[in-house]
Amino acid sequence: MTIRILLVDDEKLERIAQRKMLEHHRPDVEICGEAANGEEALDLIRDKEPDLVCLDIQMPGKSGIDVVRAIEQHHPKIRVIMITAYDTFDYARDVMRAGVREYLLKPVAEKELIESIDRLGEDILQEKRAQQEQQKQEERIEMYVASMRANRILALLMDYHVDGMDEEMRDDPLSNATAVLAISLPKGDAPALIALRESITDELTRLNPGCLVGPVLGSHIPAFLTGNTAASLSQLLQSFISAIQRNTEMEIAVGASEGIETDEDFGRAYQEAVAALTDVKNAKGANYQLYRESAATQATGTRFKAESELIERVKHGDEGNVIADFEQYFSTISAEANYQPARLKQELDEFFIVLHRALTELGVNTGRFDATVMTSMTQLRQQALTHVKQTVKDVDNWRDADMEHSLEQVRRFIDTHYRSSLSLDEVADYAGLSMYYVSKLFKERFGVSFTRYVTDLRLTDAKRMLADSSISLKEIALELGYRDPNYFSRVFKKEVGISPTVYRDQARAFPGT
């Protein structure tokens, strides 16, 4: 980190002398500019944003004291060393009142100038380090929240429940969502599509500040809006599509569905939005559609359900049913693609992208589907079927080895750390898996949810501590990882049926029972 210094003095020789002192004794600092009067100084401060200003008091026009007052008002983080030939109490009092901590008399001795710069420089560097650390922390928090939201989006869209996530994401914008969009992505290179997604996020945020844009799913992006009626949603979509086409010169289409009241509505609304997007693509001259029931949308909803069930079967390694289901699914999408290999390949690519994402979240390493050289329906079917079979084998191998080992490690980690403020996210991070899959697989493997398992461990200890010791309820709560003793008491009474105090009294009255 470099300290940037601005030299301000109406005497050029004085500025030259200060520059030489700094270049000789502190070559690591950056002299970002020089000014001969107060007006020039303020212009350079706005332009160069120095960390420190060596400032003369008596100058033509704005005095040094005027500059200090402007710095204090508009640039309070800038440090000032006041340099003057006037050794009077009034000058010193005025600059000290303005926040100046270093006051030097001309002619300035090298030692005094360097010592003053070193003192202020250490403060400046500490502030910069603190700012960098805060920025890193904010970036880590932002990445964590983004990851949590992506996991929650996928869970809601696929009708999954993640144990503990509702508490983790209680302030998430999704809790206020009222509509789901499915936004089509045109063909293009990666930089263009990245720029398009950024534009989509910017424009939706401008039009609906409470919105949230999800991860790319195949050839479309889900997004969530808040507080729209049917009329305003249509107006919003028109403005949104016009802005995207104007800013990116790329064509998009949007399907939309409303009526979200609970988490259970997300999966249904997402299916409807995708169905509406299919209607848009099949219609001439349309670029958005609000969901309405039709034969086409019913078929799309049925296909979406089939895709979800097929992905679940693959994740469970159910090869017999997977093959049968995939054959039926392949027949369905072949008919929808009018038996055109190019369209069918796009449908398969989208399906396998979603499947690959789901398995990666699960912790299963599997190859990507590649049908680049496939040109016929028969070739596509065989390649897709081969890929599905191999994927099921990858899942089986993972379940036989990695999953069992990982879940046993997770349980041992919980058994060791349940007395701390243990969160599902912390456990998922330790296991190298997403929160959703830790929650889901833990319950499948051990028969209880993560929250229930931790609560049972804590309550077992709580009963022992209440019966065998005189430790206060507050100490017991903190010892068991509950930051709020009142919350601990509520949990205890809910699970045990009586309060901790009553339990302690009964345990003392009837020891050993």
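Author: A residue is called buried under 20% relative accessible area, exposed over 50%, and partly exposed in between (1.4 Å probe, protein chains only). The model is predicted, so local features need pLDDT of at least 70 and side-chain atom pairs count only at pLDDT 80 or more, while totals for chains, interfaces and linings use all residues. Residues are numbered from 1 along each chain as its sequence is written, and side-chain values use heavy atoms, with hydrogens and water left out.

The setting comes first. Helices (H or I, at least four residues) and strands (E, at least two) are DSSP runs numbered from the N terminus, and two strands pair if DSSP finds at least two bridges between them. An open sheet is built from five strands in the order S2-S1-S3-S4-S5, with parallel pairing. Its edge strands are S2 (30-35) and S5 (102-105), each of which pairs on one side only. Helix H1 (residues 12-25) lies across S1 (4-8), S2, S3 and S4, and runs at about 175° to S2. Contact here means heavy atoms within 4.5 Å; axes are lines fitted to C-alpha atoms, for helices over the stretch in contact, and angles run from 0 to 180 degrees between N-to-C directions.

Side chains of opposite charge can pair when their charged atoms come close. A salt bridge is counted when a side-chain nitrogen of Lys or Arg is within 4 Å of a carboxyl oxygen of Asp or Glu, and the count comes to 23.

Glutamate 34 takes part in two of the pairs described here. With arginine 15 its N to O distance is 3.0 Å; this pair links distant parts of the chain, arginine 15 in helix H1 and glutamate 34 in strand S2, 19 residues apart. With arginine 19, the closest N and O atoms are 2.8 Å apart, and this pair likewise joins S2 to H1, across 15 residues. Arginine 15 counts as buried because its relative accessibility is 10%. Glutamate 34, at 29%, is partly exposed, and arginine 19, at 26%, is partly exposed. Arg15, Arg19, Glu23 and Glu34 are linked in a network of salt bridges.

A further pair lies within a helix. Glutamate 115 and lysine 111 meet in a salt bridge of 2.5 Å, N to O. Both belong to helix H5 (residues 110-157), four residues apart, about one turn of the helix. Glutamate 115 is partly exposed, because its relative accessible area is 32%, whereas lysine 111, at 57%, is exposed.
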